[in-house]
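Please look over the structure shown below together with its sequence.

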Amino acid sequence: MPLQNATRVTTTFLDSLRSLNSKTYPTNVPQSVDHSLIFMIGVGINPCPSCSNRTRYVAHINNVSFVMPSIALLQAHYNNMSGVFTDDFPGRPPVPYNYTGRPPRNTCTRNGTKVYRLGFNSSVEVVLQGTSGVAPESHPTHLHGFNFYVVGRGVGNFDPQNDPSKFNLVDPVERNTLNVPTAGWAAIRFRADNPGVWFLHCHLEVHTTWGLKMAFLVENGEGPNQSLPPPPRDLPQC
């Protein structure tokens with residue numbers, strides 16, 4: 001194994017990985033996207049009057065620290081229940097700044113149970129942008145319900161003008177979890193062809209409990225094969 005600080009070695013290895021891209025295992029990476037999203041991920045600080053130092057650590061995506069509801073998101077979605085979640089999760093950071101430089105003094109986040117709505121079979125690109133504030137580190141990020149293609153990665157801030165031209169749209173690796181580089185970014189693409197509610201979250205348990213997660217709500221398509229089936233009658237209740 002390389003040394004823990006051998007960034008160049010590990011980066012070269014990761015960048016060399018390719019999919020098989022054969023007739024048996026074709027690579028179906030979306031060539032165009034319907035949703036182009038930038039998710040700033042990291043750890044922030046919220047006011048906490050009851051805490052000893054009047055603040056508490058929280059984790060967030062686009063400054064939203066996810067609050068788990070008392071009712072399952074999928075149950076609320078299937079039964080059209082109101083008041084459990086909202087579908088206004090921001091597709092981009094609300095206040096852009098130098099994510100990998102000196103962070104702004106105000107890193108407060110807002111709590112919320114928010115999802116991002118996707119039409120069935122829409123193509124999605126998500127740029128996961130790491131930050132240098134409070135606790136900069138590599139976040140192992142996992143997406144439920146889908147595999148995705150890792151089409152690009154880099155250090156520093158993602159450049160929406162120049163970095164997409166370097167994306168690998170021919171034979172990128174297909175995964176369901178990736179490490180977002182410390183103070184860097186990674187870009188993924190997938191097709192939303194699995195209806196339901198699916199979490200995207202950091203696999204560092206402490207960050208997940210602090211709120212570093214969000215959910216995609218994928219709408220039904222046409223017909224029963226593209227729609228959520230009803231829950232089984234013997235489904236255990238929480």
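Does His139 count as buried or exposed? At 2% relative accessibility, His139 counts as buried, where buried means under 20% relative accessible area, exposed means over 50%, and partly exposed lies in between, with a 1.4 Å probe and protein chains only.

## Basis of the model

This is a predicted model, in which local features need pLDDT of at least 70 and side-chain atom pairs count only at pLDDT 80 or more, while totals for chains, interfaces and linings use all residues. Residues are numbered from 1 along each chain as its sequence is written, and side-chain values use heavy atoms, with hydrogens and water left out.

## His139 and its strand

His139 belongs to strand β7, which covers residues 139-143; strands (E, at least two residues) and helices (H or I, at least four) are DSSP runs, numbered from the N terminus. Between His139 and Met214 there are 75 residues of separation in sequence, and their C-alpha atoms are 14 Å apart in space.

Met1 is placed in the segment before α1 and, at 99% relative accessibility, counts as exposed. Leu14 sits within helix α1, residues 7-16, and is partly exposed, with a relative accessibility of 33%. The two residues Met1 and Leu14 are 13 residues apart in sequence, with a C-alpha to C-alpha distance of 14 Å.

## The largest pocket

The largest pocket has a volume of about 460 Å³ and a lining of 20 residues, of which Leu14, Asp15, Val150, Gly152 and Arg153 lie nearest its centre. The elements giving two or more residues to this lining are α1, β8 (148-155), β9 (173-175) and β10 (177-180), and β8 gives the most, with 5 residues. By class, the lining holds 9 nonpolar, 5 polar and 6 charged residues, where Ala, Val, Leu, Ile, Met, Phe, Trp, Tyr, Cys and Pro count as nonpolar, Asp, Glu, Lys and Arg as charged, and the others, Gly among them, as polar.

A pocket is here an open set of points, on a 1 Å grid over the protein atoms alone, where a 1.4 Å probe fits, with protein on both sides within 12 Å along at least five of seven lines; lining residues have an atom within 4 Å of a point. Grid points are joined across faces, edges and corners, and the volume is the space filled by probe spheres set on the points.

## Salt bridges

A salt bridge is counted when a side-chain nitrogen of Lys or Arg lies within 4 Å of a carboxyl oxygen of Asp or Glu, and by this rule the count comes to 7. One of them joins the side chains of Lys114 and Asp88, at 3.2 Å from N to O. Lys114 lies in the loop between β4 (110-112) and β5 (115-118) and Asp88 in the loop between α2 (73-78) and β4, so this pair ties together parts that are 26 residues apart in sequence. Lys114 counts as buried at 11% relative accessibility, whereas Asp88, at 44%, counts as partly exposed.

Another salt bridge links Glu219 with Arg117, at 3.4 Å from N to O. Because Glu219 lies in the segment after β13 (213-218) and Arg117 in strand β5, the pair ties together parts that are 102 residues apart in sequence. Both residues are partly exposed, Glu219 at 30% relative accessibility and Arg117 at 32%. In the salt bridge between Asp163 and Lys166 the closest N and O atoms are 3.8 Å apart; Asp163 is buried, at 10%, and Lys166 is exposed, at 63%.

## Positive phi values

Most residues other than glycine have a negative phi. Asn63, however, has a positive phi, near 65°; Asn63 is placed in the loop between β2 (55-61) and β3 (64-66) and counts as buried at 16% relative accessibility. Ala183 likewise has a positive phi, near 50°, and is found in the loop between β10 and β11 (184-192), where Ala183 is partly exposed, with a relative accessible area of 21%.
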